[in-house]
Amino acid sequence: MPEILIENAMTVITMDDDARVLNDADVLIRGGQIAAVGQGLNTSGDRVSGRGCVVTPGLVNTHHHLYQNLTRAVPGAQDALLFGWLQRLYPIWSRFGPEEMFVSAQLGLVELALSGCTLSSDHLYLYPNGARLEDTIHAAREVGLRFHPTRGAMSIGESQGGLPPDSLVEEEGAILKDMIRVVDGFHDAGEGSMCRVGLAPCSPFSVSRELMRDAALLARDKGVMLHTHLAENDEDIAYSEAQFGCRPGQYAEELGWTGSDVWHAHCVKLDATEIDLFARTRTGVAHCPCSNCRLGSGIAPVRAMRDAGVPVGLGVDGSASNDMANLIGEARQAMLLQRVANGADAMSGYEALEIATRGGADILGRPDCGRLAPGKRADVAVWDVTGVASSGSWDPAALLLAGPAQVKHLFVEGRQIISGGEVTSIDLPNLLERHGRLARALAEIA
């Protein structure tokens, strides 16, 4: 792999341990790692101009449902609350198969990459018609993004009082067996890994108490991480209190779902006791501000979480509940919502960008990512701030106040997958045509 020098950048926001922000600086990439960050660097390898650009670590997406990319803006789900939204979409998703999973994952990852994302998790919790987790893993490998898929599951269908149709749930023994298969087959725990696998029963209202507990035991036996949805909205809280006799945080703690190897999506309705629990146990939260707005779930108490010491990252959530997947836009939304809730000084653009980079990397157990420092992985986003979006800005480094929505260049493990704003790793026109054909076929029979 050739050495690459990103030279003469207007600003480099390192997100390193010293929070350095350097002007007129360079970033040297060697062997998939950051070799140096500073002024006056040189190379005998390739050069990429950073003139008029702000350079940041690649952004990290901690919660997504990539398969939903084929079901955006579905009539009947556009204005529904969470439970009604799910009931409208479950029958459509039951028609998916391996091709739908692969194609939707590819296009969803491309969309993330264009918004500066270099590492994404994914929560795939339904497997109709022969679909498997590796459909998404192969998709990510071709696109070139660093990937943290999670083997999700649903086991309680409508006939047992759950939300999903019975056709989308699985027998719990089979779920655990497949969890073992995908971890053994695809999880790479090494530094610089391009694929790590987690275990992720969908939610407390779609699996049994036993599966939640067994998944936690299995994850710790295998040394992998745990993920699920928690405390997303008022309906979620009411369900937990009615079915389990406790709040979601207490339920999670009782079943072994707290700790630095666990991250929960949403957590919009955590109370002060639950925030303290997550802070003490270093349990992570994937904050999904756009989805929370889209579904009317509320504003997550991110300021209170951060002040207490809860690890927080960003997630775009599924493409059927956002309905976009622009991670730099998600960071801006996170900043704005905390200001709406707590005042204009509640969250700076820098802090929101920190959450979107090293914050998310740390939640996913990837301290080798999310910062630009020697020895860290060469996941780098280059943002052109000479265009209309940044025009008139007195501080081009304030990307979340006045900055581009797409990257100019993107590097993952030192490989350039976006150049001049164009995806270079796959045939995007062909992918768009294939994706459109599948989406039209689903709409015709919905």
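**Entry 1: Glu413**

I began at Glu413, which sits in the loop joining strand E15 (409–412) to strand E16 (415–419). The model is a predicted one, and I read every value below as computed from it. For Glu413 I found a phi near 55°, a positive value in a residue that is not glycine.

**Entry 2: Arg282**

I looked up a further positive phi and found it at Arg282, where the angle is near 60°. Arg282 lies in the loop that runs from helix H8 (272–281) to strand E12 (284–287). With a relative accessibility of 44%, Arg282 counts as partly exposed. I noted these angles because most residues other than glycine have a negative phi.

I turned next to the backbone at Asn322 and Asp323. The peptide bond from Asn322 to Asp323 is cis, and its omega is near -5°. I recorded it because most peptide bonds are trans. Asp323 belongs to the loop between strand E13 (312–314) and helix H11 (327–342).

**Entry 3: Ala231**

I located Ala231 in the loop between strand E10 (226–230) and helix H6 (234–244). Its relative accessibility is 0%, so Ala231 counts as buried. Which residues does Ala231 contact, leaving aside neighbours within four places in sequence? I found Asp236, Ile237, Pro248, Cys267, Val268, Lys269 and Leu270. I also took the separation of the C-alpha atoms of Ala231 and Ser203, which is 9.6 Å; these two residues are 28 residues apart along the chain.

**Entry 4: cysteines**

How many disulfides does a search of the whole structure find? The search returns 0. I followed this up at Cys53, which is in no disulfide; the nearest cysteine sulfur belongs to Cys117 and is 19 Å away. Cys53 is buried, with a relative accessible area of 0%.

For a disulfide, the two sulfur atoms would have to be within 2.5 Å. Cys202 has a relative accessibility of 6% and therefore counts as buried.

**Entry 5: the chain as a whole**

The chain has 13 helices and 17 strands. Along the principal axes, its C-alpha atoms fill a box of roughly 65 × 45 × 40 Å. I compared the radius of gyration with the value for a compact globule: with 446 residues such a globule would have one near 22 Å, and the 21 Å of the chain agrees with this.

Of the 446 residues in the chain, 60% are buried. I looked at contacts with a separation of 6 or more, and 74% of them are accounted for by residues 24 or more positions apart. The chain exposes about 15,900 Å², of which carbon and sulfur atoms supply 50%.

Last, I looked up the charged side chains. I found 37 positive and 56 negative ones in the chain. The centres of the two sets lie 3 Å apart.

How values were computed. Residues numbered from 1 in each chain as written. Predicted model: local features only at pLDDT ≥ 70, side-chain atom pairs only at ≥ 80, totals over all residues. Heavy atoms only, no water. Helix = DSSP H or I, 4+ residues; strand = E, 2+ residues; numbered from the N terminus. Rg over C-alpha atoms; globule rule 2.2 N^0.38 Å. Buried < 20%, exposed > 50% of the residue type's maximum accessible area, 1.4 Å probe, protein only. Contact = heavy atoms within 4.5 Å. Areas by Shrake-Rupley, 256 points an atom, 1.4 Å probe, with all protein chains shown as cover. Lys, Arg positive; Asp, Glu negative; His and termini not counted. Charge placed at Lys NZ, Arg CZ, Asp CG, Glu CD.
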